[in-house]
Amino acid sequence: MPADRILINGVALTISKGRAQALAIRDGRIEAVGRTADIRVLAGPQTEVIDLKGKALMPAFIDAHMHLVSQGLKETGYILDLSETRSLSEALERVREAVKERGEGVWVRGRGWDESIWPEKRYLTRADLDRIAPKNPVALSRVDGHMLIANSQALKLVSVTADSDEFDPQQGLLRERAVNGFLQQITPKLEEIEEAIRAGVRLAHSLGITAIHDVVRTEHIRAYQRLHRRGELHLRVRMNAPVEHLDSLIALGFSSDFGDEILKLGAIKIFTDGSIGARNAALFEPYIDSSTGLAATGKLNYVQSELNALVKVAHENGFQLMIHAIGDRAIGAAVDALKAASVGPRDRARIEHLELPTEEQLQKAKELGVIASMQPNFLQWSGSGGLYETRLGLERDARIDPHRAVLDMKVPLALGSDGMPFNPLYGIHLAVNALYEQQRLSVEEALHAYTLGAAYAGFQEDELGSLEPGKWADLIVLSEDPTSSPENIREIQVLETYLAGERVFHYEEASE
Ligand SMILES: [Zn+2]
């Protein structure tokens, strides 16, 4: 049988076996990889021949940490995207416009504000929002999702029960579980979520992504399933479930990896701490800037025995673990809990973010076979005058997001975006061009971690993540080979994206 499609005359970065020039696709999978002359002979009269003319070809990206529905809701305009606002007053102006557009009484939800890049250098407050939106409920999530500011109208409609370090009614400020509880009361309709997923998938394709590891809520799972049942989900989604649902999943007999090649149940996600931006990542040494109303070293969400018990139950019932841990104290708690549960390399437990690990913690992580699931785009907050230096000081800023140290310790690395922003090439650019040596990756290492490394974190390295015969033909064509000029990776354009051999994205220059 001839190939369905061949791509020739390219620079193919196989990720696993060096370079090639060409590739053949049959039945959605990679049939062969090699020199153009060898691949040409696999073509028949019906075969589509694509001449890459020297462009780069590689496996599509797998984003190992993403929140697709939030991203999609920004794409459809349901949630106001505040990530580009350059000052607090600009953010308020955007809300004012939305209020005017939508009319009195209608919800305004926003996400993505980041006071660390604003000249005002302070959080939004309830009073700020009341002034511009006295008659509309408004709720604006911080860029990291670990904090939310609500105005008086919003707090009238939604009930918040939380202790004082998670809820400050005066400031309209919510953290962590209080944020989740709040958002659960104002979820979008199923149709709105489906539309958001569609928009998020289109964006993913344009960024060269064909697979994600998502963290899902009940209504997201429902929407994903509905789309997939209709054959309309053109993205491989590994759905990681919040630990709150662990008991129900166990009761029903589910475990990790239930599903098919598009939609799978992934890990159980546990949050051990918050974020550095929200000042509730758990640290050994205090934050160096003020932290009104909060413990000076942040906060662990669980006492150790509680965390150990959750990890043990999930592990013993066949679930992969996905533990969010940012501060050194939280990473220590996560590693200890995994050790107490006797997790080993074949379980592929993951620690998400792993922003401030100590050397000793990395050593333990290696012994337990833990995967470092990191987001190099967080480096945008590293460096002189940045958020990390302001909150943590110079010494800890140089230790943050240590991709290099992780690889040197032989801890498997998977990269993702966390949607900040959703863009692998942006993150790869920052990792390759990082300020501190501990953070810096070679282009090859970064590409590996965003493809095969992420596939490994999802138990899919036999199916995805490299250009090898037998794997799914999830591919991208890039305007330039990223290894040829590492300082310009950010400028590279994704030209084409293929999912299971079908073209799902094609870049139109100067498209309107
Ligand atoms: Zn996240």
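Buried denotes under 20% relative accessible area, exposed over 50%, and partly exposed in between, computed with a 1.4 Å probe on protein chains only. Helices (H or I, at least four residues) and strands (E, at least two) are DSSP runs, numbered from the N terminus. The model is predicted: local features need pLDDT of at least 70, side-chain atom pairs count only at pLDDT 80 or more, and totals for chains, interfaces and linings use all residues. Residues are numbered from 1 along each chain as its sequence is written, and side-chain values use heavy atoms, with hydrogens and water left out.

Strand β10 spans residues 108–113 and is mostly covered, with 6 of its 6 residues buried. Strands count as paired if DSSP finds at least two bridges between them. Strand β9 (residues 79–81) pairs with β10 in the parallel sense over 3 bridges. Here I79 stands opposite R109 of β10. Helix α3 (residues 88–102) carries the chain from β9 to β10 in a right-handed β-α-β crossover. Right-handed means that, with the strands pointing away from the viewer, the path from the first strand over the helix to the second runs clockwise.

β10 also pairs with strand β11 (residues 138–142), in the parallel sense over 5 bridges. The bridge partner of R111 in β11 is S141. From β10 the chain passes through helix α4 (residues 126–132) to β11, and this β-α-β crossover is right-handed.

A zinc ion has the protein donors H65 (NE2), H67 (NE2) and D418 (OD), lying 2.1 Å from it. Donors are N, O and S atoms within 2.8 Å of the metal (3.2 Å for Na, K and Ca); water is not among the atoms, so sites may look incomplete. The sequence spacing of the donor residues is H-x1-H-x350-D. H65 counts as buried because its relative accessibility is 1%.
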